[in-house]
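Welcome, and thanks for taking a look at this protein with us.

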Amino acid sequence: MKTKQRTNKQSYPKIGIRPIIDGRLGGIRESLEETTMGMARAVAALYARELRYPDGTPVECVIADTCIGGVAEAAACAVKFAASNVGVSLSVTPCWCYGSETMDMNPTIPKAIWGFNGTERPGAVYLAATLAAHNQKGLPCFGIYGRDVQDMGDTSIPEDVQEKLLNFARAGMVVALMKGQSYLAIGSVSMGIAGSIVDPGFFQEYLGMRNEYVDSSEILRRIQLNIFDPEEFKKAIAWVKKYCKEGKDYNRKEKIKSRREKDKDWEFVVKMTMIIRDLMIGNPRLKEMGFAEEAQGHHALVSGFQGQRQWTDFLPDGDFSEAMLNSSFDWNGIRHPYMVATENDCYNGVSMLFNYLLTNTAQIFADVRTYWSPQATERVSGWKPEGRAQDGFIHLINSGSATLDGTGQQSRRGKPAMKPFWEIREAEAAACLAATTWSPSNRDYMRGGGYSSTFLTKGEMPVTMCRLNLVKGQGPVLQIAEGYTIDLPGEVHDILNERTDRIWPTTWFVPNLTGTGPFKDVYAVMANWGANHGAISYGHIGDQLITLAAMLRIPVAMHNVPDEKIFRPSAWGAFGMDTEGSDYRACSVYGPLYR
């Protein structure tokens, strides 16, 4: 599989770096010019080395033309940033400067200040003074200050400072990448699921995104009128026949389709996959075919497909399409995943999007289906859970829409992983496909047929599950649960899996426990989860999600991230000493980022 990318790099936002300096000429400013600009260049180098856009290229930084010693230079920097598509702003300084004269005043761009911890010049004094100005003016800003004193000539960035610089930049880039993009709803509300009741006010005010809506019949229209690339379809169906193994048909005899019908279903779901992608991002090939309007797409960074029930009652379901689009590879090679939410659950789609843009990795969409207590597990299977499973575990499973990356067949340092597409080897993509079978869908649920992916996620992957929910009177809240995937003994997995939908992909999950509140035990995590779905990302990224949520003014209702890793704007400290309460109060006072 060759790597293929269709993203327009020109549209990516950049990180703006503002070198702030003591403006007093006649000896002070002159002595600090090189040091101050050197800080800016060092951070730009760090970001270029550590951060990537969704297409795998290094994140770009824009540095102000001059150090900023007063309002005129601050204004000139703002003009340059606006012309350069800057979406994140970082100010750096080794010294005292004039706070309210040099600060960034843009109200919707995430902001942070790194004040150098040195004794020769009071960078920390500027940091404190300017954070106070930000707070007084209602412009939240993150403060970054190293734990240990450095010498003025030290050009290194301490590890603790790097961690905060990267956490801020990753979250800030998510904010910038979402702005101006679309959520595409294909269809409407699925089976009364609240998550598929799309609230355009939330998208507009909190994420800066617009909403696009297409009736499900548009997919059928394009299939019937051949509004898709026929050459790509030939390649795709040949690839599917070679790499997508058809699994056992568990339907009752009277509901089993004929071989001819099954082959037609394969053709249908492949066309459907291409069409959903084209609806999201467009396809210039369609214009060549005479379909200029359809070629444009809907500028969608994330989408959702209603599916059940009206569609699936008589047409093949979206399981194959959702699973393949959410994966990092298909007939066009290894490429970035597309975020597509099952059942048009837009809030789980947004949760997937948060995780994806923070990590550049594919996401598992799953039902938070069943809590298995140690007692119930032993009663049913005869096996007493041990190791990570000793306090029980949660069965994450949904009807075939989970990314194939979720098999855990990729590896990092010899351990199962899910990686950005540019790190995935051809052999790893092939292994993900080989670990997956595609059984004809359960026609009691999906009367029109289709194919569901069947796989078992490898254990011992660090993962983070999150979920965004809307609450009347409160607004959006975010839930976060860091933990690990686990392996069960083969016969135990078979017994437990046979009790539910055995042709759907399974991930066994154990959250990290804190002994209190919703993380008192595994049962409490399940009992306190706010919806039927969750978005599962590789890695422990809960601290990054908390930083991102603060930028968007979304309070975090539930998390198991250690206190020392929580990084929020300076103003949050003025809303009380309890971090959860101060988060809610600050988000309430500041309101949505784009209101």
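This is a predicted model: local features need pLDDT of at least 70, side-chain atom pairs count only at pLDDT 80 or more; totals for chains, interfaces and linings use all residues.

- Strand β4 covers residues 111-115, and it pairs with β5 in the parallel sense over three bridges.

**A four-stranded sheet**

- Another open sheet has four strands in the order β7-β6-β9-β12, again with parallel pairing.
- Its edge strands are β7 (210-214) and β12 (339-342), and each of them pairs on one side only.
- Here the twist averages 20 degrees from one strand to the next.
- Strand β6 (residues 182-186) pairs with strand β9 (residues 300-305) in the parallel sense, over five bridges.
- Within that pairing, Ala185 has Gly304 of β9 as its bridge partner.
- Helix α9 packs on the sheet, where it touches β6, β9 and β12. The direction of α9 makes about 135 degrees with that of β9.
- Helix α13 (residues 346-359) also lies across β6, β9 and β12, and it runs at about 150 degrees to β12.

- The crossing of α7 past α9 is right-handed.
- Which residues make the contact? From α7 come Glu218, Ile219, Leu220, Arg222 and Ile223. From α9 come Phe268, Lys271, Met272, Ile275, Ile276, Asp278 and Leu279.
- By type, the residues in this contact of α7 with α9 divide into eight nonpolar, four charged and no polar.

**A helix with a buried side**

- Helix α14 takes in residues 374-381, and four of its residues, Pro374, Thr377, Val380 and Ser381, are buried.
- What covers the buried residues of α14? The cover includes β13 (364-372), β14 (393-397) and α16 (490-498).
- Just after α14 comes Gly382, which takes a positive phi of about 85 degrees.

**Strand β17 and its partners**

- Strand β8 (residues 245-246) pairs with β17 in the parallel sense over two bridges.
- Lys245 stands opposite Thr437 in β17.
- The pairing of β17 with β18 is antiparallel and runs over four bridges.
- Ser453 in β18 is the bridge partner of Trp438.

- The loop between β17 (437-440) and β18 (451-454) holds Ser441.
- Is Ser441 buried or exposed? Ser441 has a relative accessible area of 1%, and buried means under 20%, so Ser441 counts as buried.
- Leaving out residues up to four places away in sequence, Ser441 touches several residues, including Asn251, Asp317, Asp319, Ser452 and Ile503.
- Asp317 lies in another loop, the one between β9 and α12 (319-325).
- Asp317 is at 1% relative accessibility and therefore counts as buried.
- With neighbours within four places in sequence set aside, Asp317 is in contact with Val269, Met272, Trp311, Thr312, Ser441, Met446, Gly449, Gly450 and Tyr451.
- Met446, Gly449, Gly450 and Tyr451 are among the residues that Ser441 touches as well.
- For a sense of distance, Asp317 and Arg595 are 38 Å apart in space, C-alpha to C-alpha, and 278 residues apart in sequence.

Conventions: Residues are numbered from 1 along each chain as its sequence is written. Side-chain values use heavy atoms; hydrogens and water are left out. Two strands pair if DSSP finds at least two bridges between them. Buried means under 20% relative accessible area, exposed over 50%, partly exposed in between (1.4 Å probe, protein chains only). Contact means heavy atoms within 4.5 Å. A crossing is left-handed if the near helix is turned anticlockwise from the far one by less than a right angle, and right-handed if clockwise. Ala, Val, Leu, Ile, Met, Phe, Trp, Tyr, Cys and Pro count as nonpolar, Asp, Glu, Lys and Arg as charged, and the others, Gly among them, as polar. Axes are lines fitted to C-alpha atoms, for helices over the stretch in contact, and angles run from 0 to 180 degrees between N-to-C directions.
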